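Me: I am new to this structure and would like to go through it step by step. Could you show it to me before I ask about the details?

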There are 2 protein chains.
Amino acid sequence: MGIVMKGADVAAAMKERLVKKTERLKEQGILPCLGIVRVGARPDDLAYERGARKRMEGIGIGCQVTELPEDITQEEFEKEFCRVNDNPDIHGILLFRPLPAHLDEEPVTEMIHPMKDVDGMSPVNIAKVFTGDETGYAPCTPEAVMEMMDYYKIDLRGKRVTVIGRSMVVGKPLSMLLLKRHATITVCHTRTEELERTCREAEVLVAAAGKAKMVSGGMVGDGAVVVDVGINVDAQGSLCGDVDYDAVQDKASYISPVPRGVGSVTSSVLAKHVVRGAAYLSGSR
Amino acid sequence: MGIVMKGADVAAAMKERLVKKTERLKEQGILPCLGIVRVGARPDDLAYERGARKRMEGIGIGCQVTELPEDITQEEFEKEFCRVNDNPDIHGILLFRPLPAHLDEEPVTEMIHPMKDVDGMSPVNIAKVFTGDETGYAPCTPEAVMEMMDYYKIDLRGKRVTVIGRSMVVGKPLSMLLLKRHATITVCHTRTEELERTCREAEVLVAAAGKAKMVSGGMVGDGAVVVDVGINVDAQGSLCGDVDYDAVQDKASYISPVPRGVGSVTSSVLAKHVVRGAAYLSGSR
């Protein structure tokens, strides 16, 4: 039975550090504050928003939500986004995406202040993640995976680490974060031939494919570390990951569950970025 | 004996296409023109410059060299760079790097017009290569590797493709270009454990480590495609690649030599980008 990588434990350790940093900023008169920009009211967005607000509150970080009507024009949307971006009391911005189909997100990803871009959507931060420049913000999910690796002291240096998935939200930026830690990275995806063999050879396997329980027991080598980034609903209507947990848990040395795994850490990363943004923007590094 | 991947053949095929495109642009009164910015007169830079000028001439592309004194101030350098950048008759800029130690390249990488950034040094183009947006320019060397793959019709889709090296000049952008073509990519580097085994399993192996003859016969699987991006000098003072050619040629199905391999294609990619920049900037796409 592999050791279960519990998101809550990782988040608790992060919280402890972030509370201290936030207190120090407050002593200097700075209240770190997250600005959430939401267009419409999708249930998914609302659920994540509730979790994020709660996380910020727990740490002592402020939170301002700008809710915009679903039928807002591009011009109005950009104007509203600009107001949040220019607000000196807001140190980080989370924009829920995808936007409604009639809106174009590109102008705001280019306009956002790179130090407020706490979810890493601007070209500046994307380029920094690619080059390995740690002054940039990576998207929250891949960084949550790294927090998990660190908390459980997973040795990455020189190891065969395989990522299933090549999205800009997880797979690609995660590969770059892993490479920065000197892992030998392999990126698999839907077109990969011999997926099973390639995954089985990995010492660390990260599943970010978005396909329920696609990682079977045969895809995991003995003693591998298995991190599951997937959030899916199975045939029974229950939340599940990309990993067939029951089939894999005996082979893995470490395994992250879904729910209560990586997903429980992402809003802590968001908080970490907001605190970093606040320190930077107020010149208190 | 593997089939030798000849840079000159790839360049000749590219030239044919580029001459036609250049002629069409000239019919519309547009003369594609490369602006070279060189600080000082390093022999390496001068050698590459000669090759680039010759390549541009052969295609019918103009070339303007701005030579700046080695002891130029940052301010003067930026001013001169700006003049080239703002010159409407120049459609692509090649800046020789590294710059002298007292100069900072970052301001010009941020200022360069993304469509004139034919060597892919600006954050905009770096981000585009990472996201897989083909409107961006990749650096010339990794794109030269892709031209080589295409010319020799190497099947990349779903294949195990391993890149040795993780630089921003070759390894990382090349991995993204390969991923875009649906290869399963593995990136190895100096910290990789079991380098030999990992390389031997590759169906396509690209060496961009910058270490003379480091790819031995034992690192190449039977029938693998081996592309050598290295340019080194061996103990005898001769130019050589990262691959021990003599030891590998019998195992490889295709193999690119050094010299006369990938290095002979990079200036053709530069020309391709200048022609693309000219078409774009003049609105004649």
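Reply: The conversation below goes through domains, a sheet, some single residues and salt bridges. Please note that this is a predicted model.

Me: Let us begin with the overall layout. Which domains does the assignment give for chain A?

Reply: The domain assignment divides chain A into domain 1, residues 27–113, and domain 2, residues 140–264. Between the C-alpha centres of domain 1 and domain 2 of chain A the distance is 29 Å.

Me: Now the open sheet in chain A. What is its strand order?

Reply: The order is 3-2-4, for 3 strands with parallel pairing in chain A. Strand 3 (62–68) and strand 4 (92–95) of chain A are the edge strands, since each pairs on one side only. On average, neighbouring strands of this sheet are turned by 20° against each other, direction ignored.

Me: How many bridges hold strand 2 and strand 3 of chain A as a pair?

Reply: Strand 2 (residues 33–39) and strand 3 of chain A pair over 7 bridges, in the parallel sense. Within this part of the sheet, Val37(A) has Thr66(A) in strand 3 of chain A as its bridge partner.

Me: And how many for strand 2 and strand 4 of chain A?

Reply: There are 4 bridges between strand 2 and strand 4 of chain A, again in the parallel sense. Opposite Leu34(A) stands Gly92(A), in strand 4 of chain A.

Me: Which way do the residues of strand 4 of chain A point?

Reply: Gly92(A) and Leu94(A) point one way, while Ile93(A) and Leu95(A) point the other way, and all are buried. In a regular strand, side chains alternate between the two faces of the sheet.

Me: Changing topic: where is Asn85(A) found?

Reply: Asn85(A) is part of helix 3 of chain A, which covers residues 74–86.

Me: Is it buried or exposed?

Reply: Asn85(A) has a relative accessible area of 8%. Residues under 20% count as buried, so Asn85(A) is buried.

Me: What does Asn85(A) touch?

Reply: Not counting residues up to four places away in sequence, Asn85(A) touches Ile93(A), Met111(A), Ile112(A), His113(A) and Lys116(A). A polar atom of the Asn85(A) side chain lies 3.1 Å from the backbone nitrogen of His113(A).

Me: What about Thr186(A), and where does it lie?

Reply: Thr186(A) lies in strand 6 of chain A, residues 184–188. With a relative accessible area of 9%, Thr186(A) is buried.

Me: Which residues is Thr186(A) in contact with?

Reply: Leaving aside neighbours within four places in sequence, Thr186(A) is in contact with Val161(A), Thr162(A), Val163(A) and Thr198(A), and also with Thr184(B), Ile185(B) and Thr186(B). The side chains of Thr186(A) and Thr186(B) make a polar contact of 2.6 Å.

Me: On to charges. How many salt bridges are there over all chains?

Reply: A search of the whole structure finds 36. One of them joins the side chains of Arg17(B) and Glu147(B), at 3.7 Å from N to O. This pair links distant parts of the chain, as Arg17(B) is in helix 1 (residues 7–27) and Glu147(B) in helix 6 (residues 140–151) of chain B, 130 residues apart.

Me: How accessible is Arg17(B), and how accessible is Glu147(B)?

Reply: Arg17(B) is partly exposed at 47% relative accessibility, whereas Glu147(B) is buried at 9%.

Me: What does Glu203(B) form a salt bridge with?

Reply: The partner of Glu203(B) is Arg160(B), with the closest N and O atoms 3.9 Å apart. Glu203(B) sits in the loop between helix 8 (195–200) and strand 7 (204–207) of chain B, and Arg160(B) in strand 5 (residues 160–164) of chain B; they are 43 residues apart. Glu203(B) counts as partly exposed at 25% relative accessibility, while Arg160(B) is buried at 16%.

Me: One last pair: how far apart are N and O in the salt bridge of Arg197(B) and Glu194(B)?

Reply: The distance for Arg197(B) and Glu194(B) is 3.2 Å. Both are partly exposed, Arg197(B) at 26% relative accessibility and Glu194(B) with a relative accessible area of 40%. Salt bridges that share partners bring Arg160(A), Glu203(A), Glu194(B), Arg197(B) and Glu201(B) into one network.

Terms used
Residues are numbered from 1 along each chain as its sequence is written. Chains are lettered from A and ligands numbered from 1 in the order in which they are written. This is a predicted model: local features need pLDDT of at least 70, side-chain atom pairs count only at pLDDT 80 or more; totals for chains, interfaces and linings use all residues. Side-chain values use heavy atoms; hydrogens and water are left out. Two strands pair if DSSP finds at least two bridges between them. Helices (H or I, at least four residues) and strands (E, at least two) are DSSP runs, numbered from the N terminus. Axes are lines fitted to C-alpha atoms, for helices over the stretch in contact, and angles run from 0 to 180 degrees between N-to-C directions. Buried means under 20% relative accessible area, exposed over 50%, partly exposed in between (1.4 Å probe, protein chains only). A polar contact is a pair of N or O atoms within 3.5 Å; within protein, one must be able to donate a hydrogen and the other to accept it, and residues adjacent in sequence count only if both atoms are side-chain atoms. Contact means heavy atoms within 4.5 Å. A salt bridge is a side-chain nitrogen of Lys or Arg within 4 Å of a carboxyl oxygen of Asp or Glu. Domain bounds come from an automatic or database domain assignment.
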